[in-house]
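Hi,

Here is the structure I promised to pass on.

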Amino acid sequence: MTKSVVNKIKSIATILIVAMLFSCTNDAKEVRDFLADKNLPIGEAYNIDHIHTDSGLVNIKMKAPIMLDFGNRSSHPYSEFPEGVKITSIKINGDSITVEGDYAKSYSKTEISEIKNNVIIYNYANKTKLVTDQIYWDQKSHYYFTEKKFTFYTLTDTIKGTGFEASEDLSNWWVKNQSGVINIKE
């Protein structure tokens with residue numbers, strides 16, 4: 001082969017390679033839309049140990065083995081914790097409340113979280129504990145609610161029933177259908 005034919009083949013090959021490289025670009029919106037269409041997360045995090053501080057004081061600790069970020073959903077972006085989550089909120093006086101469950105989903109627009117399977121909420125100061133299979137947590141109004149069966153433990157009572165609502169610290173609570181002995185103070 002002559003030198004000019006070899007140079008022409010090299011030039012054509014170079015042009016094809018450059019054209020391929022420039023044709024493979026995706027903008028971020030296209031990638032997010034593709035992942036949303038396929039119901040895939042835009043991010044994954046493993047062995048989360050998150051600590052939130054306010055004015056230098058720790059007020060929330062969160063641990064989870066896996067977090068999947070579905071923030072690319074236009075109508076209801078959410079984070080999913082398929083292997084469970086444990087959240088501890090710490091008050092200024094040192095009191096704390098722990099919420100844990102085997103699965104959780106937290107919606108960022110509404111600030112409502114669903115926690116299910118082996119849910120336990122414990123207030124260390126009041127020594128109260130709620131056990132249920134599913135709870136919804138309204139983070140804006142600091143409120144829990146469920147329509148599932150539950151067991152609620154206080155220092156003097158064990159209350160069972162279906163349907164429970166409570167303030168975030170379990171100090172104010174309402175029971176819909178209950179059973180068990182309840183001590184009433186006069």
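Let's start with Ser55, which counts as exposed because its relative accessibility is 73% (exposed means over 50% relative accessible area, buried under 20%, partly exposed in between, with a 1.4 Å probe and protein chains only). Ser55 sits in the loop between strand S1 (43-54) and strand S2 (57-70), and has a positive phi of about 55° despite not being a glycine. Strands here are DSSP runs (E, at least two residues), numbered from the N terminus.

Before I go on: this is a predicted model, so local features need pLDDT of at least 70 and side-chain atom pairs count only at pLDDT 80 or more, while totals for chains, interfaces and linings use all residues. Residues are numbered from 1 along each chain as its sequence is written, and side-chain values use heavy atoms, with hydrogens and water left out.

His142 also has a positive phi of about 55°, and is not a glycine either. You'll find His142 in the loop between S8 and strand S9 (143-153), and its relative accessible area of 43% makes it partly exposed.

Now for Asp138, which lies in strand S8 (residues 128-138). What is the nearest side chain of opposite charge to Asp138? That is Lys140, 6.2 Å away, and Asp138 is buried with no salt bridge (a side-chain nitrogen of Lys or Arg within 4 Å of a carboxyl oxygen of Asp or Glu; Lys and Arg count as positive, Asp and Glu as negative, and His and the chain ends are not counted). The Asp138 side chain does reach the backbone nitrogen of Lys140 at 3.1 Å, and a polar contact of 3.1 Å joins it to the side chain of Ser141 (N or O atoms within 3.5 Å; within protein, one must be able to donate a hydrogen and the other to accept it, and residues adjacent in sequence count only if both atoms are side-chain atoms). Leaving out residues up to four places away in sequence, Asp138 touches Glu111, Ile112 and Tyr143 (heavy atoms within 4.5 Å).

Finally, Glu83 is in the loop between strand S3 (78-81) and strand S4 (85-90). Glu83 and Ala104 are 21 residues apart in sequence and 8.2 Å apart in space, C-alpha to C-alpha.

Cheers

How values were computed. Helix = DSSP H or I, 4+ residues; strand = E, 2+ residues; numbered from the N terminus.
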